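Good morning, and thank you for coming.

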Amino acid sequence: MSLSGIISQDITQQIDLPTTTTSAREASVFKAYQNDPWLHGTAQNVIDQKMLEVDRDLLFQILMIENVSKSKQTQYDDLKAKIDPKNQKVDRLKDSNVKGPKRYQMVTQVNMEDDNLSQRNNNVLNDKSVFKLAIQSKAGDIFFAVNTTPLPWSSCMLGSKITIKPGTIFNRGMFILKESNVTFLGGINRTWNENKDYKMCDYFEAKLDQYKSTINNNTRKRRAPAT
Amino acid sequence: MKVLCVAEKNSIAKSVSQILGGGRSTSRASGYTYVKNYDFNFYGFPFANRECQVTMTSVAGHLSSLDFDNSQYGWGKCNIFELFDAPLSELMDKNQQKIAENIKREARNADYLMIWTDCDREGEYIGWEVFQAAQKGNRRLTDGLVYRAIFSHLERSHILNAAKNPGKLDMRSVSAVGTRIELDLRTGVSFTRLLTGTMGKKVQEANNISNDRSNGNSRAGNKNEKVIISYGPCQFPTLGFVVDRYERIKHFTPEEFWYIQLQLNDEANGLSTTFQWDRGHLFDRLSVLALYENSLEFAGNKAKVIDLQSKPTSKYRPLPLTTVELQKNCARYLRLNAKQSLAAAEKLYQKGFLSYPRTETDIFPATMDLRSLVEKQAQLDESTNSNKTAWASYAANLISENPETNNRFKFPRSGSHDDKAHPPIHPITSLAPNAQIDSIERRVYEYVARHFLACCSEDAKGQTSTLTLDWAEEKFTASGLVVLERNFLDVYPWAKWETTKQLPRLEINQECEISKAEMRSGSTSPPKPMTESELIMLMDANGIGTDATIAEHIEKIKARNYIRSEKSGKETNLHPTVLGIALVHGFEAIGLEDSFAKPFQRREMEEDLKKICQGELTKREVLADIIEKYRGYWTKTNQSKNTLLEVYERLRTRIS
């Protein structure tokens, strides 16, 4: 199994590494793979693990990336508009990143205070965006990671591999990533990426439904007689 | 040699004849009260090469309208589907007949016809209508003898130049407008009849019930009033904006977010400053908690000043006033709806107080004497001191040589729109307290005058300071503003720009103690209901209607009871009615290939019209293509009448 073999494969499956390596990069990835997986077997109380420092290279595969700087509703609307531009809502107030055929592009935001109408729809991805990554070790344990500096690969394919370097802080189940303490290796898991937009839509919809039912339950609880 | 000139409105004819006639034009009646004929002599037309006797007259907008023959294609007299290719004829109402008769009469002895309608697509079409009318009176007036004045405003040298360098009527633009008129008619009438036939009775019954319940005080209309459920290619997308907003509010789910906030207390002067997180807020509690604890662990209650910026800043004076801006701002600042403000501006124009209020232009021509217009607002004559308006002394200061003020007359900023027909809206003469105008007109005049003076002023000047703290690599900022010169703000009370709280005195790289570092939470709130000013902007931005018709479309869907306006505090909100929602949802359920309630179809048609103007498509091709699509939509809708009714019934039961 070569380096490309590792990055294109689900690392929770058995991988046989070769005895010799062809480059320093390959050697470091193999080492990260071979190192003991992070906090294996302590998954239940991972949330109580405060401010641990990573002491070895760790290999992970990315299961999901979510922009937590934007609301789920906004991301859901953007995806819906991308999937079905003809029926997108046309009164939108939030910035949009929709890239659709020109005829369906909408002016969805008008700044009432701004005289300069050419500056509509600020579609530039905000550099300060924070992404929450769900990552998985070879042992199958799932952790989160959050970036504190912009990560150039934040729109990567699911199944991509990363190595997290020693010195990285792990707090309450979450690695705190900077560009300097993580190496992006690329890779893909085809099945995970199939119909990704639809899956994300379903995810956002389910989350919003969940919020809604929580609110409804709370409201109901408040209304219940205090007997 | 005789030349007949025809403008789009009497005011233009009057102004142009005064310029071309050197102030020596005489006016006479035309047979229609609001149009006059102006006679004068002019030397300078390139086609005549001698002094000409000129008669300048005008129309009053379009000279004819297109319609079906009522005896054969009237309501209930034909199969609706036939309307997609039934013959059309040009009709004139009584006033249009009087105007056309005048043109016919005046053309009888004319050697040349010169069109002075507005230089836009609609103006080109009206010019062609004028040519048709003139030809009826004088068959000798062929294409070669018809010229077209190309002008964008009524400044003297510009008008003289237009008279000396005429062009020809652009028949492609005429075709484009002809296409639009025919499409609007065929699609509008066929779908209005279908919708009214399908839903009219049901809606009437529902209205009667709601009228009975409310003892006739319902908004739903009079019991005996026949319900018309109209379709219009601009009406439906206008309704779509309002319904989409309603849906967004109705289905809104609040989402919780979290953020970090720092507070610094300066005990020496009792100053407390809040620093906001550079990341704003995040929709994930765990992420914020991890970052918060990380900073707390590594930096404790110490933060470092990493950036300190102080720079001059300006608040820009407004751009010259267009119709859409006028309507938008009158809605926001004066709480007048688009129809009220435009109607008031039209009246003020007719009474000579304001310039022509239908314009898309936000650039004043460089040659225009704006200083003299400011002088008029100042009313410098001491004897009329008591008649001065509230903003007269501001205007006087603007043109004074007072060395104590930096706010002197400055030529307005230029926007990026020029409709080549009219300058931005501006006051013409000042307003005496006893002027014969109503209170709404007075408020609109004041707004236009103040806006104009603000345009001719200096920007407001200030100094902003921004202090950035680093708390274990997380950045936090606080900003402050000191307004140094208010300038245009003094005459434009609607723009808010105030000095804020002072920032603490800290130096770069200074370590400071944080008094409070908090992780806080909040939740998203639903969008506000659509306001009229927002709707105007959305329509304008998405190409639904023009500056002149946007207000009509909004009024039409109010009159049809698709939306209703409701005062809520200072705002007037627009809400869709059951019928309005049912129409949008009904068509969604039918599933036409292109939704009627979205702006895309209209925009596509606009693109086709542009192609006609550029010679890439013909009227016949565009008509054939779009009519074919509408035939398909009509057949599908006709087969799905029950869907429309079911959706209406369902919504009515649920909502009422």
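**A threonine contact, a domain contact and a cavity**

I begin in chain B, where the side chain of B:T524 reaches the backbone nitrogen of B:E255 at a distance of 2.8 Å. Please bear in mind throughout that this is a predicted model.

Where does B:T524 lie? This residue is in the loop between β15 (516-523) and β16 (530-531) of chain B. Leaving aside residues up to four places away in sequence, B:T524 touches B:F252, B:T253, B:P254, B:E255, B:F257 and B:F283.

Let me turn to the domains. Chain B is divided into domain 1 (2-169), domain 2 (175-251 + 538-655), domain 3 (256-316 + 460-523) and domain 4 (323-455). I shall consider one pair, domain 1 and domain 4 of chain B, whose C-alpha centres lie 30 Å apart. Nine residues from domain 1 of chain B and nine residues from domain 4 of chain B take part in the contact. Between them, these two domains bury about 750 Å², with 55% of that area on carbon and sulfur atoms. Which residues of domain 1 of chain B lose the most area to domain 4 of chain B? They are B:K9, B:S152 and B:H153, which together account for 50% of what that side buries.

Finally, the cavities. The count comes to two cavities of 30 Å³ or more, and the largest cavity has a volume of about 50 Å³. Its lining consists of A:A32, A:Y33, A:N35, A:D36, A:P37, A:W38, A:L58, A:L59, A:S137 and A:K138. The elements giving two or more residues to this lining are α2 (24-34) and β2 (58-67) of chain A. What is the make-up of the lining by class? Six residues are nonpolar, two are polar and two are charged.

That concludes my presentation, and I welcome discussion.

Key
Residues are numbered from 1 along each chain as its sequence is written. Chains are lettered from A and ligands numbered from 1 in the order in which they are written. This is a predicted model: local features need pLDDT of at least 70, side-chain atom pairs count only at pLDDT 80 or more; totals for chains, interfaces and linings use all residues. Side-chain values use heavy atoms; hydrogens and water are left out. On a 1 Å grid over the protein atoms alone, a cavity is a set of points where a 1.4 Å probe fits but cannot get out, and a pocket is an open set with protein on both sides within 12 Å along at least five of seven lines; lining residues have an atom within 4 Å of a point. Grid points are joined across faces, edges and corners, and a volume is the space filled by probe spheres set on the points. Helices (H or I, at least four residues) and strands (E, at least two) are DSSP runs, numbered from the N terminus. Ala, Val, Leu, Ile, Met, Phe, Trp, Tyr, Cys and Pro count as nonpolar, Asp, Glu, Lys and Arg as charged, and the others, Gly among them, as polar. A polar contact is a pair of N or O atoms within 3.5 Å; within protein, one must be able to donate a hydrogen and the other to accept it, and residues adjacent in sequence count only if both atoms are side-chain atoms. Contact means heavy atoms within 4.5 Å. Domain bounds come from an automatic or database domain assignment. Buried area is the accessible area (1.4 Å probe) that two parts lose on being put together, summed over both.
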